[in-house]
Amino acid sequence: LCYAVVSAPQPPRERLGLRGFKRAQSIRENQAFALLEPIMRFISHRLYGLITPSLHAKLDRQIMIAGDLAGLQPEDVLSLTLMSGITGTSLGALYGSRGGNVLVFAVILGIAGLALPHLLLSSAGEQRVRSIASTTPAVIDLLALCLGAGLDFPAAVRQVVDRSRISDQPLHEELRLLLQELNLGRTRRKALEQMAKRAPCDPVRDLVGAVVQAEEQGTPLADV
């Protein structure tokens, strides 16, 4: 096992893109995370090559749905799981040594520690998707008004991003990402499909489906 950990492939050291930005932001704004991050990163480099492709894809999707929480990578989730499990086991053993059953408390708190990072990640994703689902209908109405006024789709989205009251909401970030991908040359369909993957809820799927269908059929978006 030690040989496998040492000889496993190492992850790229660069922290670029949205996750790199969020990692740096979390380090600046959260002192506890800033202290924890070097240890987490050290363990992550050792675990990277041991993650199966299917597990990597599953964790990556959970992180994406959670809004790229703290710029985490799949191997970081496993590192936090290991660290949390060890901490829980240690606390359980310490508590049990005061007169209780050391093994029982160590096992119970160890299992709780192992589950905690995954529960927090899932909870963050669910909360974010609910927020996007609740604010999307109002944004669709604003987009319809902008399109009816003669703006094209990117201009309508930009108008909503610049003037709407959802600047502190996850949907605002998704719309900004959509614009960035369009500006980088990604097709409208690909950018919208990626948005639907990041925010898997019915209102977003309906919006994406309507825009893609209108583009395929040549129907004006204002009429959709």
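Leaving aside neighbours within four places in sequence, Glu181 is in contact (heavy atoms within 4.5 Å) with Arg186, Ala191, Gln194 and Arg198. Glu181 belongs to helix α8, residues 170-183. Its relative accessibility is 15%, so Glu181 counts as buried. Buried here means under 20% relative accessible area, exposed over 50%, and partly exposed in between, with a 1.4 Å probe and protein chains only.

The model is predicted: local features need pLDDT of at least 70, side-chain atom pairs count only at pLDDT 80 or more, and totals for chains, interfaces and linings use all residues. Residues are numbered from 1 along each chain as its sequence is written, and side-chain values use heavy atoms, with hydrogens and water left out.

The protein chain has 10 helices and zero strands. Helices (H or I, at least four residues) and strands (E, at least two) are DSSP runs, numbered from the N terminus. Of the 224 residues in the chain, 38% are buried. Among contacts with a separation of 6 or more, 62% join residues 24 or more positions apart.

Mean pLDDT, the predictor's confidence in each residue from 0 to 100, is 86 for the protein chain. A value of 70 or more is reached by 90% of its residues. Confidence is highest in helix α4 (residues 53-65), at a mean of 94. It is lowest in helix α1 (residues 2-7), at 43. Over residues 1-8 the pLDDT is below 50. Beyond near neighbours in sequence, that stretch has six contacts in the model.

Helices α9 (residues 188-198) and α10 (residues 202-217) pair up in the model. Their axes come within 9 Å and cross at roughly 165°. Axes are lines fitted to C-alpha atoms, for helices over the stretch in contact, and angles run from 0 to 180 degrees between N-to-C directions. The two helices are therefore roughly antiparallel (over 145 degrees). In α9, Arg188, Arg189, Leu192, Glu193, Met195 and Ala196 meet Val204, Val208, Val211, Val212, Glu215 and Glu216 of α10. By class, this contact has seven nonpolar, no polar and five charged residues.

The loop between α4 and α5 holds Asp68 and Ala70. Phi of Asp68 is near 55°. Ala70 also has a positive phi, of about 55°. Most residues other than glycine have a negative phi. Asp68 has 8% relative accessibility and so counts as buried. Ala70, at 18%, counts as buried too.

Methods
Angles under 35 degrees count as roughly parallel, over 145 as roughly antiparallel, 65 to 115 as roughly perpendicular and the rest as oblique. Ala, Val, Leu, Ile, Met, Phe, Trp, Tyr, Cys and Pro count as nonpolar, Asp, Glu, Lys and Arg as charged, and the others, Gly among them, as polar.
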